[in-house]
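Dear colleague,

I am handing over the structure below, followed by notes on what was found in it. Please read the notes with the structure open beside them.

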Amino acid sequence: MASSAAMLVRVSSAVLAGIEARLVDVEVSIGGGLPRFTIVGLPDAAVRESRERVRSALRHAGFPRIPGAITVNLAPAELRKAGASLDLPIALGLIAATGGLDPERLRTAMAAGELSFDGALRPLRGALSLALAAREAGLEELLLPDGNGAEAAAADAVAVIPLRSLTQAVAHLLGAAPVAPRKADPPGATGFPDDGDLSEVRGQTVARRAIELAAAGGHHLLLVGPPGSGKTMLARRLPTILPALSRPEAIEVTRVHSVAGLRPAGGGLLETPPFRAPHHAISAAALVGGGPRPGPGEISLAHRGVLFLDELPEFHRDALEAIRQPLEAKHILVARRGGSAQFPCDVLLVSAMNPCPCGLAGDSRRVCACDPGARRRYLRKISGPLLDRIDLQLAVPPIAWRELSSRAPCEGSASVRERVIAARAIAAARRPECPGFRNAQLTGEDLARHAPLAPEARDLVARTADRLALSARALHRALRVARTAADLAGSERVLSEHVAEALSYRLRLAEDGEAFSAVLS
């Protein structure tokens with residue numbers, strides 16, 4: 001290849017900022033002078049190290065050594081560039097600058113990918129976001145590693161060209177061996193979660209009903225009971241009764257998981273609601289998001305799915321308090337020294353806890369060994385404002401052996417899921433301008449309009465609200481649950497039985513640690 005003095009080539013690429021991909025112009029210039037390779041434009045260490053990867057990849061691909069001074073500018077300069085995805089556009093720019101490619105051929109394409117020393121392309125993070133950014137920039141095709149083809153093609157945004165190596169990329173751009181664009185996989189291929197079935201849960205009729213209400217209305221749920229009562233089993237069956245994600249929801253969820261590096265090579269869209277169950281030792285930063293480059297936390301990885309916090313009082317207090325505002329806002333802004341990013345976090349929070357440190361308070365079969373002070377300290381680990389945000393709070397009693405050993409058939413996930421889908425469709429029709437709207441999002445004004453109380457239901461609320469010491473927020477949440485109960489029953493009006501059921505799910509944790517349901521008399 002002949003060298004061309006002061007040759008300048010531009011290649012489009014993008015870097016991640018949160019779940020968004022921001023366009024980057026990779027400007028490659030080759031001039032005279034002593035050999036050197038300089039990258040400017042606020043690169044991080046991984047970008048600066050691309051000099052060695054690109055040099056080795058070009059050599060193994062058969063391209064001669066480039067004489068003179070190489071300067072790569074990454075624009076805009078104020079945007080921090082991180083990761084190794086700029087290897088491929090830098091290499092293609094160098095090849096074009098030395099006459100191996102027509103620079104005009106690169107004007108309609110975006111390129112991204114990490115190069116190994118032998119020129120092979122390794123999968124990258126955020127391929128779906130890159131495809132959407134390429135469409136917004138008006139580009140026609142996206143060149144990226146073969147392992148990201150299925151994910152990027154799911155956006156149905158631009159022609160996705162999956163490549164295995166730098167050599168294949170050059171052959172495609174020259175027209176010598178064109179690569180066919182990757183087609184999107186058909187929807188519905190992943191099926192429903194295989195983490196058990198609701199029919200495996202014996203007894204616990206009230207708890208089964210509660211998770212159905214939680215799934216239908218998007219209501220947060222707290223299960224309190226002794227060890228072995230089935231709290232974790234119930235929580236893990238909840239995703240099996242949730243509807244499959246719509247295509248926009250699947251794109252949202254997949255983008256978050258891809259940015260976090262949790263998508264396997266060759267994987268497409270995530271079509272089923274995610275289930276995340278972090279350990280109680282998790283830090284606040286890991287729960288809500290953080291890191292040198294702000295990344296999604298567990299609350300965002302559970303977006304459009306279930307965030308399960310088992311052993312709730314054992315979580316760090318600052319971690320639990322950090323999720324209060326995101327639970328209401330449905331998004332979180334993570335600001336760190338390396339920048340800031342916003343992540344979605346529309347989650348269904350399911351939490352479980354014992355009624356006391358030993359777990360036996362209120363168990364008629366076994367004696368609790370905790371003193372009153374230990375019980376109070378244990379319960380005070382959970383703040384009142386956090387409990388106030390949980391719509392469904394109920395005690396899960398121990399299961400009797402008779403129920404556990406019964407062979408009587410129990411209703412499975414499929415039939416419950418059908419009722420959940422029907423109830424969600426009713427709720428979504430109330431706010432068609434808000435895709436995926438659920439009853440848990442009803443405002444006070446919405447409740448007045450869409451949850452009219454029958455006279456006897458209104459009297460019931462008046463008699464019990466003060467007796468149960470419900471805050472305005474807690475009362476509104478109970479009315480939202482009542483609206484969901486009415487939707488599951490196919491009732492246009494909220495009747496007294498729906499209100500009674502909703503109010504019965506306001507668990508009270510007494511000073512001595514006893515857990516009991518506020519059952520209406």
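In this predicted model, the axes of helix α7 (residues 205–217) and helix α20 (residues 472–489) come within 9 Å and cross at roughly 95°, where axes are lines fitted to C-alpha atoms over the stretch in contact and angles run from 0 to 180 degrees between N-to-C directions. The two helices, α7 and α20, are therefore roughly perpendicular (65 to 115 degrees). On α7 the contact (heavy atoms within 4.5 Å) is made by Arg209, Glu212, Leu213, Ala216 and Gly217, and on α20 by Val481, Thr484, Ala485 and Leu488. Helices (H or I, at least four residues) and strands (E, at least two) are DSSP runs, numbered from the N terminus.

There is also an open sheet of five strands with parallel pairing, in the order β11-β14-β17-β10-β18, two strands being paired if DSSP finds at least two bridges between them. Because β11 (275–276) and β18 (392–395) stand at the edges with a single partner strand each, one side of each is left without a neighbour in the sheet. Strand β10 (residues 221–224) runs parallel to strand β17 (residues 348–353) and is joined to it by four bridges, with Val224 standing opposite Met353 in β17.

Finally, Ser50 belongs to helix α2 (residues 50–60) and counts as buried at 1% relative accessibility (under 20% relative accessible area, 1.4 Å probe, protein chains only).

Residues are numbered from 1 along each chain as its sequence is written, and side-chain values use heavy atoms, with hydrogens and water left out. Local features need pLDDT of at least 70 and side-chain atom pairs count only at pLDDT 80 or more, whereas totals for chains, interfaces and linings use all residues.

Best regards

Note on methods
Buried < 20%, exposed > 50% of the residue type's maximum accessible area, 1.4 Å probe, protein only. Parallel < 35°, antiparallel > 145°, perpendicular 65-115°, else oblique.
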